[in-house]
Amino acid sequence: MRFFPVTKPYVLLLPASGLILIVGYRIFWLFREKISSPEYQEFTFRTKEWNMVIPDMSSYNQPRILVGRTDVVSVTPWLAPIVWEGTFDPVLTDNIYKPMNLTIATTVFAVGKYVSFLKDFLETAEKHFMINFRVRYYVFTDRPNEVPSVNLSGGRHLTVISIPGSNRWQEISAQRMKIIHNTIETQIHKEADYIFCLDVDSKFHFRWGAESLGRLVSVIHPGYYDTTRNNFPYERRPASKAFMSMDQGDYYYGGAVIGGLVEDVYKLTKECHKEFEEDAKNSIEAAWQEESHLNRYLYYNKPSKVLSPEYLWQDFKARTREVKVIRFSGVIKNYAAIRPNE
């Protein structure tokens with residue numbers, strides 16, 4: 001309950017959502033915190049927002065408005081930052097976020113032969129990902145006995161969650177949103193403030209820190225950051241819930257990185273799974289499964305922070321001049337050897 005004091009008497013209408021108490025000249029309106037919408041859940045999330053406060057005596061380079069990157073765009077049309085090397089101060093961002101005592105959840109799916117990528121993923125994460133922050137890894141796998149033993153730094157934990165395997169990699173991809181949504185509901189909302197959902201067949205190469213935190217975070221796909229929307233591999237069939245017309249779209253977002261506050265990623269995964277199920281009822285599978293539904297969701301629900309392709313490169317691509325560092329990349333692999341139905 002919350003109480004809102006009023007110091008003068010009023011003529012009030014009783015709202016359907018709560019109760020009004022009149023005590024002399026002091027009036028209190030008591031209302032339930034339950035949200036009257038289908039999105040409401042019978043649990044609360046840990047964190048909403050923080051002020052950007054730095055510790056006393058902090059020192060960092062002076063920011064300049066006439067000096068900086070000129071070879072890339074670093075803000076979206078809706079004024080969300082696009083994070084590139086040279087557009088943020090890592091010392092400053094760490095000084096702001098570390099005192100908040102945050103916990104970052106990190107989910108990966110190591111199903112079937114993909115479990116072979118898990119060791120490199122975890123070992124490189126321990127070198128580069130959210131260093132000196134509390135991190136909780138959630139590994140979803142059908143081979144729990146094959147999860148490698150990796151030395152984790154203090155304040156970092158790993159939870160293995162068993163899930164069924166599948167004979168179709170598309171089905172594994174399709175179930176990802178549902179499984180993340182359910183795990184947030186049953187567990188993660190109690191244990192973390194932010195969450196990143198990452199692909200296991202990837203490695204970290206360079207700092208990935210607090211500069212990536214935001215309410216809803218997406219990454220620009222490295223294969224489509226330098227082309228126009230008519231070349232994006234959106235789902236183009238109007239019958240699909242993931243449909244995007246030729247005049248729609250901001251960027252093409254990669255499904256290998258989804259992040260943000262736990263509450264916002266919960267909403268995203270819930271909606272994308274619902275739309276996927278609607279397509280399935282009509283015997284439709286979107287062009288790129290969950291990634292297609294993700295791109296439609298992010299078109300209508302704009303991310304508050306966009307990560308540049310530095311945060312999702314591809315090892316088979318040569319680094320381009322605007323990509324100063326590669327922080328995270330998908331490794332080269334033989335799909336026929338690791339996917340059950342390739």
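Reader: Leaving aside its neighbours within four places in sequence, which residues is W208 in contact with?

Author: This is a predicted model. In it, the contacts of W208 beyond four places in sequence include H128, F129 and M130. Two further partners are F196 and L198.

Reader: Which residues have the most contacts inside the largest nonpolar core?

Author: The largest nonpolar core has 43 residues. In soluble globular proteins, nonpolar side chains tend to be buried together. Within this core, the residues with the most contacts are F196 and W208.

Reader: Which element gives the largest share of this core?

Author: Several elements each supply at least two residues, among them the helices α1 (90-97) and α2 (118-128). The largest share is four residues, and it comes from α2.

Reader: How many residues are in the second, separate core?

Author: Among the members of this second core are F45 and I161. I179 and I258 also belong to it. The size of this separate core is 36 residues.

Reader: Is T93 buried or exposed?

Author: T93 sits in helix α1. Not counting residues up to four places away in sequence, T93 touches R207, A210 and E211. Its relative accessible area is 14%. Buried means under 20%, so T93 is buried.

Reader: Is N145 buried or exposed?

Author: N145 lies in the loop between β6 and β7 (156-162). Its C-alpha atom is separated by 9.7 Å from that of V160, 15 residues apart along the chain. The relative accessibility of N145 is 80%. The cut-off for this class is over 50%, so N145 counts as exposed.

Reader: Which residues make the nonpolar surface patch of about 230 Å²?

Author: One of its members, Y60, lies in the loop between β3 (26-31) and β4 (82-83). Y60 has a relative accessible area of 35%, and so is partly exposed. The patch is made by I54, Y60 and V91.

Reader: What percentage of the residues of the protein count as buried?

Author: The protein has six helices and 14 strands. Of its contacts with a separation of 6 or more, 72% are between residues 24 or more positions apart. The accessible surface comes to about 18100 Å², and carbon and sulfur atoms hold 53% of that surface. Of the 342 residues, the share that counts as buried is 47%.

Technical notes. Residues are numbered from 1 along each chain as its sequence is written. This is a predicted model: local features need pLDDT of at least 70, side-chain atom pairs count only at pLDDT 80 or more; totals for chains, interfaces and linings use all residues. Side-chain values use heavy atoms; hydrogens and water are left out. A nonpolar core is a set of buried Ala, Val, Leu, Ile, Met, Phe, Trp, Tyr and Cys residues joined through side-chain atoms within 4.5 Å. Buried means under 20% relative accessible area, exposed over 50%, partly exposed in between (1.4 Å probe, protein chains only). Contact means heavy atoms within 4.5 Å. Patches are made of residues with over 30% relative accessible area and no salt bridge: like charges are joined within 9 Å, nonpolar side chains (Val, Leu, Ile, Met, Phe, Trp, Tyr) within 5 Å. Accessible areas come from the Shrake-Rupley method with a 1.4 Å probe; for residues, only the protein chains shown count as cover. A salt bridge is a side-chain nitrogen of Lys or Arg within 4 Å of a carboxyl oxygen of Asp or Glu.
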